[in-house]
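Work through the exercises below with the model open. Each task is followed by a solution in steps.

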Amino acid sequence: MIKNICEKINATVIAGADEMEKEISGVYICDLLSWVMSHANKGDAWITVMSHANVVAVASLLDLGCVIVPEDIKMDEDAIKKANEEGIPLLSTSMNSYEIAIALNNMGLGL
Amino acid sequence: MSLIQYHFNVEKDDFDRAGEASSNIKKILRQLGIDAAIIRKVAISTYEAEINVVIHSLGGVISLEIDTSSIKITAKDRGPGIANIELAMQAGYSTASDKVREMGFGAGMGLPNMEKCADKFEVESVVGIGTTITMHMYI
Ligand SMILES: Nc1ncnc2c1ncn2[C@@H]1O[C@H](COP(=O)(O)OP(=O)(O)OP(=O)(O)O)[C@@H](O)[C@H]1O
Ligand SMILES: [Mg+2]
C-alpha cells in the first residue's frame, strides 16, 4: 500500500491523499517521458525528477500507482492540482532515487 | 462509417494542456467499456501524437473515430511537416529543443512507440503544409 511506502521512505504526500490504500505492484525509474510511456506498467510507483504537470498526465494515462519525487524536488503547482484532480498520489522525499529503490526493494517491490 | 467521432484542438507550445486530448479519449473509451489492453495502447499512441503536435508543429487537431471493428486516431497538424519520415521514425532521432528536453521530451521514441502500439500506422507529411498521423487499433 502507498501508505506503507510513505512510511518506509519518509515521504510527504503532496497530492492524491485519498488514495493511500491503493496497492503498488512494481517500480519504474526514468525521466524521459516517451521512454516511460513505453516501458512503465500499470500500478508502478514511478520515481522521477521531473516536476511539471506532464508527469501527472503520463502517470494517469498509464494508470501508474503513484509518482515519487526524490531529493526534496519541488513539484509545480499545476502538477499538484492536476494530480489531485486525477487521483494520482505524489510523494516527496529527501532520499535519492537509488535509496528509494533500495527501500522499495526491501519491501518486496519490483521483484 | 464511424459511429462515434470526437475532435480535440491541440495548440502549439501549450504544455499546461498537453495530454488533455489523450486523457479525454481514454475516458471516452473507458465509458464505452473497451478492453483495458486496447485502451492502454490507444492512450500511449495518442499521447505521443498529441505531444508531437505541441512541441514540433504549429498546432492541429486530434480526432477519435470508432466503428464496429476499430478505433481510429488521427493527429493532423498545420505544419511545418517532416522532410525525412524514415529518419524521423528511427528510435532516438529527435530535433527537440533544449527547453523541451529539460522537460523530459526528446528521447526520439514517440513515433516508434506509436508504430508499436497501433495495429495500422501511417504518416503522411508535406513540408510547409503539415503532418497527418493515422492509427487504427482493432477491437
Ligand atoms: N507533428 C510533427 N511535425 C513536425 N515534425 C515532427 C512531428 N512529429 C515528429 N516530428 C519530427 O520527428 C522527430 C521524431 O519524433 P519522435 O516523436 O519520435 O521523437 P521526439 O518527439 O523528438 O521525442 P520523444 O517523442 O521521445 O519525446 C521529432 O524530433 C521531429 O523532428
Ligand atoms: Mg515525440
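**Exercise 1.** Determine which chains surround ligand 1.

Solution. Residues from chains A and B surround ligand 1, so the site is shared between chains. The structure is a predicted model, in which local features need pLDDT of at least 70, side-chain atom pairs count only at pLDDT 80 or more, and totals for chains, interfaces and linings use all residues. Residues are numbered from 1 along each chain as its sequence is written, chains are lettered from A and ligands numbered from 1 in the order in which they are written, and side-chain values use heavy atoms, without hydrogens and water.

Next, list the surroundings, where a residue is near if one of its heavy atoms lies within 4 Å of the molecule. There are 20 such residues, and the closest are Ser34(A), His56(B), Ser94(B), Thr95(B) and Gly106(B).

**Exercise 2.** Find which atoms of Ser94(B), Thr95(B) and Ala107(B) lie by oxygen atoms of ligand 1, then state how much of the ligand is buried.

Solution. Begin with the side chains. Ser94(B) places a polar side-chain atom 2.5 Å from an oxygen atom of ligand 1, and for Thr95(B) the distance from a polar side-chain atom to a ligand oxygen is 2.5 Å. Then take the backbone: an N or O atom of Ala107(B) lies 3.1 Å from an oxygen atom of ligand 1. Finally, the area: ligand 1 taken alone exposes 600 Å², of which the protein buries 96% (Shrake-Rupley method, 1.4 Å probe).

**Exercise 3.** Describe the contact between chain B and chain A.

Solution. Count residues by contact (heavy atoms within 4.5 Å): chain B gives 23 and chain A gives 21. The two chains bury about 1,800 Å² between them, 51% of it on carbon and sulfur atoms; this is the accessible area (1.4 Å probe) lost on being put together, summed over both parts.

Now count salt bridges (a side-chain nitrogen of Lys or Arg within 4 Å of a carboxyl oxygen of Asp or Glu). Three join chain B and chain A. One salt bridge pairs Lys26(B) with Asp63(A), with the closest N and O atoms 2.8 Å apart.

Then assign the chain B side to elements, with helices taken as DSSP runs (H or I, at least four residues). Here α1 (20–31), α2 (36–56) and α5 (110–117) of chain B each supply at least two residues. The most come from α2(B), with six residues.

Note on methods:
A polar contact is a pair of N or O atoms within 3.5 Å; within protein, one must be able to donate a hydrogen and the other to accept it, and residues adjacent in sequence count only if both atoms are side-chain atoms.
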